[in-house]
Amino acid sequence: MRGGCFLCGGLKADEEDMIQAGGDKIKSNRMSDFKSHTSLAEEFSSSRSRPIAAQIFTFRELAAATKNFRTDFLLGEGGFGRVYKGKLESCNQIVAIKQLNRNGFQGNREFLVEVLMLSLLHHSNLVNLIGYCADGDQRLLVYEYMPLRSLEDHLFDLSPSRKRLDWNTRMKIAAGAAKGLEYLHDHATPPVIYRDLKCSNILLDEGYHPKLSDFGLAKLGPVGDNTHVSTRVMGTYGYCAPEYAMTGQLTIKSDVYSFGVVLLELITGRRAIDTSRPAREQNLVVWARPLLKERRQLSQMVDPVLQGQYPSRGLCQALAVAAMCVQEQPTMRPLIADVVTALSFLALQPNNPENEQKYNMSGFTDTNTPPRARMDRKKKPSWGSESDGSNVLR
C-alpha cells in the first residue's frame, strides 16, 4: 500500500498467455455452447409466482414502428443483429427494437432467457423489456428507448461534436452499473450471473443513468453447497475472467472481474482489447497491471480527454477498486456490494483537487484479507415489489 491506497501486484509470468488462451477458447466454444448450455427457462418457470408481464407483438406491428426497418432508424449493429428506434402506434411510445439475426449468435434459447430474465427481474439499473415478437422465424425484443445509447458511444472513437464524459459522470455510471450487478448477485435467489458485462451493454438514459442490457448469456448462479456453475465459456474476449475462460467454472466473481475491466475503461479511455496499439498495450489488464504497482505512474493511466480535471485521491481510490476487481484469484476480488459502497462515495465527491477528503476503502486496502463472506440468506425468496416500485426476489 502506498500513499493511502492499495496498488495491485504485478502480472504473473504466465498470465498473459492464459488470457490469450482464454480468448481463443471463448471464440471456439461460442457456437457449440448455444446448442448445449442449460436454458434458464425451465428454472425460472418453476420458481416464479407471477405471470410474465412482457407484451407480445406481431412482426407487422414492429415493422410499422420502424417504417419497415429503415436504415435511418438504425441505432446500432452487432453479431446478434440490429437495433432500431421505433414508435409503437398503439401507445405512441418511442422504443428500441432489437431484430435478431435468424442465423446469428443469439439462438432461440438465448432469446427465451432474455425475455424471462427481463420480465422477472426489475431494477432501476436494468433495462426495461416492454415486449417481444416470436412470429414465424422472426425474433425481436422491444426495450425502453435509451436516448444516450451505450457507454461505448461516449468513451471511444469520439467525434469532435460529442460531449466528453467528465470524472464525476464516469464514477456515477460505474456506481450505477455496479448497483445493477448487486441486484443480480444479492437480491435474486438463486443469484444471477450476468456473464456479458461490457461497455456496449451498459445503456445510458437521460442524465447518464446507466442500465444493464442484453441478458441472453445470463446464468443462474450456484446454490446449496455448490461453489460454481460449470458451463461452456461465453462472453467477450478482454472482459472474461481468466479462471472462467480456462475452466468454464462460473461464479459471481466472474462478473466482478468484468466490472473491473469496465472500470479501467472508464478511467483510462482505452478499450479492453485494442489491436491498433503496440503488442504490450493491446490487452487493457495486461497493460494496466505494471502501472498499478507505482503510484507515480497512476496519472499516466488517466484518459487524456479529462485534461487533468480529476481528483488525484479519487483516481487512486477508483484504481484501487479496479485493481481488486481484476485480481487473478476470484476469492481475492470484492463482493459487488463493497464496490457499490466505494464507487457511490466517489460519485458524490466534488471534483476539487484542492479539497479532497480522506476515505477508508473498507476492504480494498489489503489483498491478504479475503473480502467479507456473502450475506446469509435463510429466508425463502418470492417474487414481489418494494415500495419504490422495483421488483425484487426476497
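Predicted model: local features only at pLDDT ≥ 70, side-chain atom pairs only at ≥ 80, totals over all residues.

User: Why is Ser-213 called buried?

Analyst: A residue counts as buried under 20% relative accessible area, as exposed over 50%, and as partly exposed in between (1.4 Å probe, protein chains only). Ser-213 has a relative accessibility of 4%, and therefore counts as buried. Its place is in the loop between β9 (209-212) and β10 (219-220); helices (H or I, at least four residues) and strands (E, at least two) are DSSP runs, numbered from the N terminus. Leaving aside neighbours within four places in sequence, Ser-213 is in contact (heavy atoms within 4.5 Å) with Val-127, Tyr-194, Asn-201 and Leu-203.

User: What makes Gly-136 buried or exposed?

Analyst: Gly-136 has a relative accessible area of 60%, so this residue is exposed. Gly-136 lies in the loop between β5 (129-135) and β6. Across the protein chain, buried residues make up 53% of the 394 residues.

User: Why does one side of β1 and of β2 lack a neighbour in the sheet?

Analyst: Six strands form an open sheet in the order β1-β5-β6-β4-β3-β2, with mixed pairing. Because β1 (55-56) and β2 (74-78) stand at the edges, each with a single partner strand, one side of each has no neighbour in the sheet. Two strands pair if DSSP finds at least two bridges between them. Strand β4 (residues 93-100) and strand β6 (residues 138-144) run antiparallel and are joined by five bridges, and the bridge partner of Val-95 in β6 is Glu-144.

User: How do you know the orientation of α6 relative to α11?

Analyst: Helix α6 (residues 167-187) and helix α11 (residues 336-348) pack at an angle of about 155°, with their axes 8 Å apart. Angles under 35 degrees count as roughly parallel, over 145 as roughly antiparallel, 65 to 115 as roughly perpendicular and the rest as oblique, which makes α6 roughly antiparallel to α11. The axes are lines fitted to C-alpha atoms, for helices over the stretch in contact, and angles run from 0 to 180 degrees between N-to-C directions. Residues that meet across this pair include Met-171 and Leu-181 in α6, and Val-340 and Leu-343 in α11.

Notes:
Residues numbered from 1 in each chain as written. Heavy atoms only, no water.
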